[in-house]
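Colleague: I am new to reading models like this one. Can we go through it by question and answer?

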Amino acid sequence: MITYAYYPGCVAQESGKELDNATKFIADKLGINLIPMPEASCCGGGVIDGFDKNLKLFINGRTLALAEKDGLDIMTICNTCTLTLSEVNEELINNPESLEKTNEYLAKIGLKYSGKVKVKHILYAVRDDIGLDKLKEKAVKSLKGINIAPFYGCHILRPSSAVKFDDVENPQGFEELIKALGGEPVSYGRRTKCCGFQTILVNEATSTSLAGNAIFEAQEKNADVMVTPCPLCHLSLDTYQTVAAKSINKKLSLPILHLPQLIGIALGGDYAEMGFSRHNVSLRGIMAKVRQNEI
Amino acid sequence: MEFKIRAYRFNPDTDEKPYYKEYTVEDYPGMTVLNALIKVKSELDGTLSFRRSCRSAICGSCAMKINGISKLACKTQVSPEIEKFGIINVEPLANMPVIRDLIVEQESFFDKIKEIKPYLLGQREDEGHDNFHALKEGEKISQPVYYKYEFQNLTGNNDTPNCILCECCYSECGGVVGNPRYLGPAALAKLYRYCEDPRDNDKNGSRLVNGSKPDGMWDCVHCQSCEEFCPKGISPVKSIVKLHERTIKNSITFSAGSKHVVSIAKSIGETGRLDEIKVAFDSGGISGLINDLPMAFGAGLKGKIPPLRLKLIKDMDDIRLAYKELDLEEK
């Protein structure tokens, strides 16, 4: 059994609870022991350094130090949390001045960080630490005949100076996982582009056009479903899909899964366990296909 | 070893729509994509059009999309591209109209560079310095001139002055894809470079105020592409974030973007968490809420609503102490 300090991030504990539930479901099936971090704070949503750079270091340095105290690596389920924690980790490991400043603060709350923690997103934790063979072995349903469009988004890939899971120019981790579950990965250009979430409350038109065009391209390539490793992308792609359709003046109707839900249905999770009723675009068609695919 | 180049071709005078043409070229050790294109032009097809000049990654002329990513053709070797993609696929940069084949029209990009006033403000502003101009005979630069290392020591900025205006970041920018009026990474990184120049005489903070207007610094989508794909190792997005920090510290908070960031910081300072409802309200105000009402109502019907009141994280005093230590409690 592999143990991680579990850092779900804010959205998975608030509007995106279905992601947290699906993650716990697959962790249980795959033998991943998730240790909750009730003391961990928000990472700052990818924009906190625009308020104060040192605040980003302090609050995320504290999260890293909490995991280090327990001798654990951190598992994340959100791209932006992954990038923020990874960036701070790199900064603390490579910049002695930043480490000293952060440790002065941490000492006051009884913590210390020395740079031993690794931050892993669940996509790469499953691929590298669990292994795709074990995933295949545990699957009870095949995703055969389903065209699945992987949407990486940004912060799981870029900048590669901080997140180093995959080839930033031509990532394959997602495709490998989809193939391992029997699905057919859809190849499309916008798979590594931006969903626009970071400006959704600032400039909705910019934001939703990015999400809309990605969905439209995947639809044109005959995708049955799109999958994202990030709850922020999921908000842009699913919750805002109707707005995105208006913004690009195209008809959009593509179901969007969180990555752990995709793995979850292959491991036997049902409609209710995966929280599909909380999605904007219905997943019933996909579930009907999966139901026929007993292994 | 032979390899294939698949080139985007389009001549608006004769072609109805763009098409691709393949060429077979013989590789040699160390061959760059630009070497290969020059070989095609001189030996196979003289009509293939592309910009090039220095062949040393200094002038930025030969920027183009190579296997889907904006790169300098002179700095990109053929063999690793073939190893990864099996072909050299060349296309014009994105986010700018195509003039012919791999050549794009650069006016929109340079208009945005001009918009941020890429020169030192001060004495010369009264002299109609809104346009680039060559020094007149006998005219001297009135500001002190610094050596690059002096500027770096003074400001800590050791990357933005290295920009060669090649447009790779602009071509990859998610913000420009979504909003063609957005200033983009190169112009905003330059804005930051001038904001922190100790010689700049921006008395009333006009750079930060103008940069905060719509289509400015707050329209960055944080996609990190500009940093990832800059051929000179510059990180425009980090400059943009520093602009954000400087703007908020100077209390220039009229934009939705700054309100958004302040609200997130406030929410973490109060609860340790990001309060989705409060942040949405603070960023967009009442009009934003009304605009999003149908979407929010739909999500609410599905049970996808965040809690109205957030539970504090455990040991919340640790976070309060971070704010106190950094003197951020009042902000």
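Colleague: Which residue takes a positive phi just after helix 4 of chain B?

Modeller: A word on the source: this is a predicted model, where local features need pLDDT of at least 70, side-chain atom pairs count only at pLDDT 80 or more, and totals for chains, interfaces and linings use all residues. Residues are numbered from 1 along each chain as its sequence is written, with chains lettered from A and ligands numbered from 1 in the order in which they are written. Helices (H or I, at least four residues) and strands (E, at least two) are DSSP runs, numbered from the N terminus. Just after helix 4 of chain B, the phi is about 75 degrees, and the residue is Gly156(B).

Colleague: How many residues of helix 4 of chain B are buried?

Modeller: A residue is buried if 20 or more other C-beta atoms lie within 10 Å of its own, exposed if 12 or fewer, and partly exposed in between; C-beta atoms are placed from the backbone. Helix 4 of chain B spans residues 148-155 and is hardly covered. Of its 8 residues, the buried count is 0.

Colleague: Is Lys117(B) buried, exposed or partly exposed?

Modeller: Lys117(B) sits in the loop between helix 3 (107-115) and helix 4 of chain B. Around Lys117(B), 19 other C-beta atoms lie within 10 Å, so this residue is partly exposed.

Colleague: How far is the C-alpha atom of Lys117(B) from that of Lys311(B)?

Modeller: Along the chain, the two residues are 194 residues apart. Between their C-alpha atoms, the separation is 47 Å.

Colleague: What is the radius of gyration of chain A?

Modeller: Chain A has 11 helices and 8 strands. The radius is taken over C-alpha atoms, and the globule rule is 2.2 Å times the number of residues to the power 0.38. For 295 residues the rule gives 19 Å, and chain A is close to that, so it is as compact as a globular protein of that length: its radius of gyration is 19 Å.

Colleague: What share of chain A is buried?

Modeller: The C-alpha atoms of chain A fill a box of roughly 55 × 45 × 35 Å along the principal axes. Among its 295 residues, the buried share is 61%.

Colleague: In what order do the 4 strands of the open sheet in chain A lie?

Modeller: Two strands pair if DSSP finds at least two bridges between them. In this sheet the pairing is parallel, and the order is 2-1-3-4. The edge strands, each pairing on one side only, are strand 2 (32-36) and strand 4 (119-121) of chain A.

Colleague: At what angle do helix 7 and helix 9 of chain A pack?

Modeller: Axes are lines fitted to C-alpha atoms, for helices over the stretch in contact, and angles run from 0 to 180 degrees between N-to-C directions. Helix 7 (residues 204-220) and helix 9 (residues 241-248) of chain A have axes 8 Å apart, at an angle of about 90 degrees.

Colleague: Which helix of chain B gives the most residues to the side that touches chain A?

Modeller: Two residues are in contact if their C-beta atoms, placed from the backbone, lie within 7 Å. The contact takes 57 residues from chain B and 55 residues from chain A. With 9 residues, the top giver on the side of chain B is helix 12.
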